[in-house]
Amino acid sequence: MSGMSGSGKSVVLHVLEDADFYCVDNLPLSQVPALVERLQGDGITQVAVAVDVRNGEDLRTLRPHVDALRANDVEVTALLLTARSDVLIHRFSETRRRHPLSLRGLHASRGLGEATPLIECIEAEREIIEGLRGLGEMIDTSDLKAADLRALVRQRLQLTGVGMLITFQSFSFKAGIPLDSDLVFDVRCLPNPHYSPELRPLSGMDAAVAGFLDAEPEVQRMRAHIAGFLEAWLPQYANEPRSAFTVSVGCTGGQHRSVYIAEQLARQFSSDFSTITRHRALIGRPSPRG
């Protein structure tokens, strides 16, 4: 991946990192072949490398490096990011960072240095990036918000539904709402297995308790309503710059109803997201019985 400074390369790298890519930023082009060879030997198959004018090398040599990798049967997808000059000037103004080509000694042969106006640095870099056109897909981020760029990259690279780990956790309201919660659902209004002597010592992970709750229409209606809300809004949360999200489900003791609902939700959404479960009130308890 390469592109204009300020065009969103760090946003894309974060998306790929969350999708379990091995990510390297600002790697000298000359080191790319050695990196690929080393990671192949380690069994790492998804690698994202960002190269740009910061490393001082001529980016025009990127094309032969990519061609060489492809000749060695390495599947390469090239992304090139760009943006209009007025947008880049605004972004540099917001971050108050200097353009890489204005750093002392960098690309001095092009007559650029610390006193070079920002617009001249941008146009000099644009000339370099335009020389790479055709190497891969060029994405103009001028009118894209960060969330839109993240969604676009997931779509183009077929990463939709990965990258955000969702934890479905149960808890007891007696112990308080977990501080790491992003969403909290209260299921204390549902029929409670606690009042059955046979089910009281068990948990929502036990088959007998699950069977009891499976047969309760109110429980299924609550589960469906929570699932409907999550189906509508989890994709929106996934577009935010986050790699983890916690859905907390609470009942009185955190043993039966909340555990059951959390397990059901985790199972339902596991086909679209990476999911795990955590049951705070059951920590240290023996494994569920069949």
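Where in the chain is the place of asparagine 26? In this predicted model, asparagine 26 sits in the loop that runs between strand 2 (22-25) and helix 2 (32-41). Its phi angle is near 60°, a positive value in a residue other than glycine. With a relative accessible area of 29%, asparagine 26 is partly exposed, because that value falls between the 20% and 50% limits. Arginine 96 also has a phi near 60°, again a positive value in a residue that is not glycine. This arginine belongs to the loop between helix 4 (85-95) and helix 5 (118-130). Arginine 96 has a relative accessible area of 78% and is therefore exposed, the threshold being over 50%.

The largest nonpolar core holds 30 residues, and Phe168, Leu230 and Leu265 are the members that touch the most others. Several elements each supply at least two residues of this core: strand 6 (165-172), strand 7 (183-186), helix 7 (207-214), helix 8 (217-238), strand 8 (244-251) and helix 9 (257-269). The largest share, seven residues, comes from helix 8. Leucine 230 gives a handy view of the packing: leaving aside residues up to four places away in sequence, leucine 230 touches Phe168, Leu183, Phe185, Pro235, Val247, Leu265 and Phe269. Apart from this core lies another, made of 28 residues, including Val53, Val66, Val74 and Leu80.

The cysteines complete the picture. A search of the whole structure finds zero disulfides. Cysteine 251, for one, is in no disulfide, and the nearest cysteine sulfur, which belongs to cysteine 189, is 11 Å away; a disulfide would need the two sulfur atoms within 2.5 Å. Cysteine 251 counts as buried because its relative accessibility is 2%. Cysteine 121, at 0% relative accessibility, counts as buried too.

Note on methods: Residues numbered from 1 in each chain as written. Predicted model: local features only at pLDDT ≥ 70, side-chain atom pairs only at ≥ 80, totals over all residues. Heavy atoms only, no water. Buried < 20%, exposed > 50% of the residue type's maximum accessible area, 1.4 Å probe, protein only. Core = buried A, V, L, I, M, F, W, Y, C linked by side-chain atoms within 4.5 Å. Helix = DSSP H or I, 4+ residues; strand = E, 2+ residues; numbered from the N terminus. Contact = heavy atoms within 4.5 Å.
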